[in-house]
Amino acid sequence: MFNNYFKIAFRNLWKNKAFSFINIAGLAVGMASAILILLWIQNEMSHDHFHEKADRIYTLNNRDKFNGDLWAWSWTPKILGPTVKQDYPEVEDAVRTNNGTFLLSVGDKHLNAQGYFTDTGFLSMFSFPLVNGNISTALNSINKIVITQEFSKKLFGNDNAMGKMIKIDSTDNFTVSGVLKDLPNNTKFDFEYLLPWSYMSKIGYDDSSWGNNSVQTYVLLKNNVSQKTFDAKIRNITIDHTKNTGDQSTTQVFTQKLSDQWLYSKSENGQYVGGRIETVKLFAIIAAFILLIACINFMNLSTARSEKRAKEVGIRKAVGAQKRLLVIQFIGESIILAFIAFILAVLVVELSLPGFNDLVDKKLYIDWSNVSYWLFAIGFILFTGVLAGSYPAFYLSSYKPVKVLKGTFKAGQALITPRKVLVVLQFTFAIALIICTIIVERQIQYAESRDSGYVRDKLVYTFIQGDVSKHYDLIRNELIAGGAAVSVTKSMSPITQRYSDGWGWSWPGATEDDKKTDFVRMASDADFAKTLGVEILQGRDIDIYKYSTDSTAMMLNQSAVKIMRLKNPVGAVVEADGRQWHVVGVVKDFIYESPYEKVEQLAIFGPKSWFTTIHFKLNPANSTQKDLQLAETVFKKYNPQYPVTFNFADESYALKFEEEKRTGTLAALFAGLTIFISCLGLFGLATYMAENRIKEIGVRKVLGASVIGITSLLSKDFLKLVIISLLVATPIAWWAMYTWLKTYTYHIPVEWWVFVLAGLLSIAIALLTVSYQSIKAAIANPAKSLRTE
């Protein structure tokens, strides 16, 4: 029996090559799109789930009220980890990580690379396997270093790195005590080497302040310890340790599962309630609808051609075939089709994965050695086959054999049919995606066109390393005198980022509540405004070379002046970080974080603060290449051991739009594929309609109907469905985009013309799709279609 079903299935495929191609192509594109999205979703959802102890690993977080809002953040005091480990018996181990970028040297090879300072238990807590070395002893000495396989190749080539020496920042020698297997692509951790925490203490980076939130802290709870119970015990740990210190904290501590941190990082009212999970949900919906649309094509084409198989069903029923067996037969045929489509989809996925990986910035792949992938493949084929074939199976198997065999059977021409509903559903989703893609693109353009508040053109920055700090004055003078730059300034961070913030400050007229106002911190030695192109609204720039007292000078931005309620800010004294700072100027607000959000209050400190970065403005009289060559010569002269790396402010600023652009590009890509699949089905239906009405068209032409009239007749039914789809898609897309745009402070309005444009585009695409078959049928010779009458 099943052999017979296979024969009939393949006969039907071969007999109706055009429709088989449309069905298989539509399913293959839909399945390929869904597989790509599901690979990305699987990667996102599996972040840091691979650790053997993942169910017991938690990150410690802070919660406090600032500027009237309850915030949550994951940076914690350095002292928190050891205190929790020592004082709470529920904790099996506690580990801290702190980012660091150092120059690592082996012989004449010098590489700047990012690593972590961490505690000795890091490799025991997390499942990052060692290729060589012992997890218990790899970090138990101040001069040991653990490196990844990839970094080992950079430094030592194919030689065994174990036991070899690496020099850090040209000062301290370290012995390679372990080589880590390269980090998987589904972890939040990002490092090329690990250094012992004891070395961080040696170089003076460690402290015991409960107010310096600068590291990530992880705890491994003992078996059967409840997160809720533990959170209740540690909630006031910071508050308790700052009592009677003169710096009483109100910050509470709570835990978050490590495996949740990647997806849930957005803080609302002191809780992590969203983040990347929202994008994951969005693309899960897109994947489901793309697959559904591909299945709808199969349903529509199968039911549209129902009359062709009506006699087969009638004869089978007449000789005793049960409806159940007919349903199994037709679903079996759709599963065979889904299997063929899946093979093609996998080929498409494998060919497109490199480009897709570049787009999503991942290293996704199909792991065919994993049994789970094979089980998923089988389940995916069966699910798609059953989903696509269920409606046609029940529809075809419901025919009455008496009507079919007497020749009185005719498919219904009702005003509302399941086939029309399915076409409307297809185009509703496609049109909604078009609308969303247009709005996302316009929102990105709107943010890009927003005035950043500083001049990014020819603005370059580099990080202070090695002997740069010692020779800074000479470097600064030679950059300007040598014609490489017109101005130079030191800063706490690149202009496009924030490295630090603080609270607990006081100023003239400040209240006790004002101490819970959070300020972003930057720093400068001189020429901040001149170099960055920031506008000074009141007072002057900080300049330690002209004014020796500017070591404790401060500049405020507009937002800071407003929230501090300072009517005459210049000359005001601000107490911050245990020191008095005198305000010398006010700068216009500029964007240092998200261009979609409002600018927060900012204070720019004088040289008594700290610096990490040098900005300089390239000389416009020279080419950029010449300026950079001159600058490189200066830095090499005073810091010869370190490779020179220059960063352009405009390129760094462009990275702020990367996530939204990626989302927009993916939405546009899958909107295009959705339209393609929908139009493929529409083309098939138009072809079948033209075949079915060939004699009617012939009669109409004999009676004088024009080509335009016949084309309109054949196309109008499809256009009606597209217009209905537009009416349904409009409120859905409006609600989705209104909700999305509300998450940004600076956003565009949802304008009516976007919906009109999307409607015109969809109508034009539908017309182009059906017009070929309509015109072909309209210009056909009526003598050929009527010769049998």
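This is a predicted model: local features need pLDDT of at least 70, side-chain atom pairs count only at pLDDT 80 or more; totals for chains, interfaces and linings use all residues.
Residues are numbered from 1 along each chain as its sequence is written, and side-chain values use heavy atoms, with hydrogens and water left out.

A polar atom of the Asn619 side chain lies 3.0 Å from the backbone oxygen of Gly483.

Asn619 sits in the loop between β24 (613–618) and α19 (624–638); helices (H or I, at least four residues) and strands (E, at least two) are DSSP runs, numbered from the N terminus. Asn619 is buried, at 15% relative accessible area; buried means under 20%, exposed over 50%, and partly exposed in between, with a 1.4 Å probe and protein chains only.

Neighbours within four places in sequence aside, Asn619 is in contact (heavy atoms within 4.5 Å) with Lys458, Gly483, Ala484, Ala485, Val486 and Asp627.

## Nonpolar cores

A nonpolar core is a set of buried Ala, Val, Leu, Ile, Met, Phe, Trp, Tyr and Cys residues joined through side-chain atoms within 4.5 Å. The largest has 63 residues, of which Ile435, Ile495, Phe528, Phe590 and Ile604 touch the most other members. Helix α15 (residues 418–448) gives the most to this core, with 14 residues.

## Whole protein

The protein has 25 helices and 25 strands, and 50% of its 789 residues count as buried.

Key. A polar contact is a pair of N or O atoms within 3.5 Å; within protein, one must be able to donate a hydrogen and the other to accept it, and residues adjacent in sequence count only if both atoms are side-chain atoms.
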